[in-house]
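Please keep the sequence and the 3D view open while reading.

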Amino acid sequence: MFQSFEVTSTPEKGPQRLALLREEIAREGLDGFLVPRADAHQGEYVAPCDARLAWLTGFTGSAGFCAALMDQAGVFVDGRYRTQVKSQVDLVHFTPVDWPETSLADWLKQALPDGGKIGFDPWLHTKGEMDKLAGCGVELVAVDNLVDQIWADRPARPSGKIMEYPVEFAGETAEAKRKRIAANIKDGGADAAILTLPDSICWLLNIRGSDIERNPVVQAFAILHTDGRVDLFTDPAKAEGLALDVQPWEAFEPALKALQGVVRVDPDTAPVAVSDILHAAGIEVQAKADPCILPKARKNAAEIAGTRAAHLRDGVAMVNFLAWLDDTAPKGGLTEIDVVTKLETFRRDTNALRDISFETICGAGQNGAIIHYRVTKETNRKVRKGELLLVDSGGQYLDGTTDITRTIAVGDAGDEEKTCFTRVLQGMIALSRARFPKGLAGRDLDALARFPLWLAGQDYNHGTGHGVGTYLSVHEGPQRISRVSDVPLKAGMILSNEPGYYREGAFGIRIENLIVVQTAPALQGADDRDMMAFETLTYVPIDTRLIKTEMLSKGERDWLNAYHAQTFEMLSPLVKGKTCDWLTRACAPL
């Protein structure tokens, strides 16, 4: 099994560790210290050695941070984790803070009205992040990491081997990518660019790794020169047997100091330490986005073809799973862990699964309302008749990364659950059908998915969609469908489409497909303007037993019937027996 069900949160140890941290804060002459979730690569998913926030507080979510002061410690979490955090931290010693509604700057102003000194590790925060704290009335002091000083049994850095990623899936050689991106850097007026995001480096060099569970990346830093040369910094042992020139981690800082000319650094992703080192060496810094981010996000034909193939394979696994679940769950006895284990088994049966793309979210009944719920042996709940089961999962295949959510009725669901499910479905269909002018961003489309819920005074506390990589990170930037995303959506970008609705203590609903941006086909009588649209990549039945058909418009019903017809056409030749019978029923038109 890739997934384990061990309890990883230790809130009972938080108070003692916080006391030790405060001793270090006082020793440094500070009034507080910032403990982010992120590592030096700004990763959403971090190696055990970088899980400082979880180690200190017990909170294991993929985003957030702690501001530890001498008299209080705020744990800042976004809407996805406001239920989860309550059960993972000692609420006597740590106070959850709704973020970004409450900014760190505003919180510090209130917590330290007379000012003070706040320590931070310059390798774990970006310049953009630090700039947002300017004017908050406190002095920011760069120090060695105080958590590391008290973490006696901190794990070692990951040392997974590097693998070459086949060009048949990458669609472009590493040499061609290096030359193309190097030319972009030169045209932009720089002489080199610093790369600190592992997925950017992996994409550029056509390599993959195993340093982070569920995300096949290599933790490294790199310097890309305008002649196409790349200096790579990581553990050289990772690259044994490969034609890669790798320098050790400790060579990175001297290499920065030795650069000449103008150096491009992304203020939103690179550690502030990088800019500080360059400035101290008298090197001009050009604050500009990582040059690989946008080209990586715009998938080429080979990457999209591979992703389609991965989704077809994953769709077969999902249909086998859903047919099994429909047959087994109503009989009673299943638990959330049973469901997760069986789903992974079906994916493994493809003989192509290299990992799951994230820890499967499988929430029965009230656990479904915990947006990023992870079942453990302690929380494992039975799957009961009359409840909803939310399953959000995905696979890492060599040709693509999948991410799919289905909410399933176990027995007969209640009228309120069906009403809410139908609204969520309407939002998902609206985004799937969207045609929009070229140049619009995710924030311009996010409301389409929320509108049916808004009419009922409802909403959900997460973005509608995130970018997805190609055998890379399941959460990829810069593209998002979110009210805060201003990145224009361009052809080739893969995103999730996943509206939801969550009623704490009762149930959770989410429906998710992956989609890819494409140029919209011309329409007769349309204006002479460039339009974009989405192609659906995920084809797996949506539970029609949860739909109140009378709530659907003709267009919505037609879309769903066409979607299920296409699902049946694609998957029926690949499944057998009872599964094929189940698929026939699941794809029947409304």
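## A serine in a helix

In which helix does Ser275 lie? The model shown here is a predicted one, and in this model Ser275 lies in helix α11, which covers residues 272-280. Ser275 has a relative accessible area of 5%, and because a residue counts as buried under 20%, Ser275 is described as buried. When the neighbours within four places in sequence are left aside, Ser275 is in contact with Lys127, Val265 and Val285.

## A serine in a loop

Another serine, Ser485, is found in the loop between strand β23 (476-481) and strand β24 (494-497). Is Ser485 buried or exposed? With a relative accessible area of 4%, Ser485 is buried.

Two packed helices are described by the angle between their axes and the distance between the axes. For helix α13 (residues 301-328) and helix α14 (residues 336-348), the axes come within 8 Å and cross at roughly 140°. The two helices α13 and α14 are therefore oblique to each other, because angles over 145 degrees are the ones that count as roughly antiparallel. The crossing in which α13 passes α14 is right-handed.

Which residues make this contact? On the side of α13 they are Asp314, Ala317, Met318, Asn320, Phe321, Trp324 and Leu325, while α14 contributes Asp338, Val339, Lys342, Leu343, Phe346 and Arg347. Sorted by class, the contact of α13 with α14 has 8 nonpolar, 1 polar and 4 charged residues.

## Aromatic rings

How many aromatic pairs does the structure hold? There are 17 aromatic pairs, and one of them is formed by Trp55 and Trp151. A pair of aromatic rings is described by the distance of the centres and the angle of the planes. For Trp55 and Trp151 the centres lie 5.2 Å apart and the angle between the planes is 25°, so the pair counts as stacked, the cut-off for that class being under 30 degrees.

This pair links distant parts of the chain, since Trp55 belongs to helix α2 (residues 52-57), whereas Trp151 lies in the loop between α6 (146-150) and β7 (163-164), 96 residues apart. Trp55 is buried, with a relative accessible area of 11%, and Trp151 is buried as well, with a value of 7%. Elsewhere, Trp123, Phe221, Phe233, Trp249 and Phe252 form one aromatic cluster.

Technical notes
Residues are numbered from 1 along each chain as its sequence is written. This is a predicted model: local features need pLDDT of at least 70, side-chain atom pairs count only at pLDDT 80 or more; totals for chains, interfaces and linings use all residues. Side-chain values use heavy atoms; hydrogens and water are left out. Axes are lines fitted to C-alpha atoms, for helices over the stretch in contact, and angles run from 0 to 180 degrees between N-to-C directions. Helices (H or I, at least four residues) and strands (E, at least two) are DSSP runs, numbered from the N terminus. Angles under 35 degrees count as roughly parallel, over 145 as roughly antiparallel, 65 to 115 as roughly perpendicular and the rest as oblique. A crossing is left-handed if the near helix is turned anticlockwise from the far one by less than a right angle, and right-handed if clockwise. Contact means heavy atoms within 4.5 Å. Ala, Val, Leu, Ile, Met, Phe, Trp, Tyr, Cys and Pro count as nonpolar, Asp, Glu, Lys and Arg as charged, and the others, Gly among them, as polar. Buried means under 20% relative accessible area, exposed over 50%, partly exposed in between (1.4 Å probe, protein chains only). Rings of Phe, Tyr and Trp (its six-membered ring) pair if their centres lie within 6.5 Å; planes under 30 degrees apart count as stacked, over 60 as edge-to-face and the rest as tilted.
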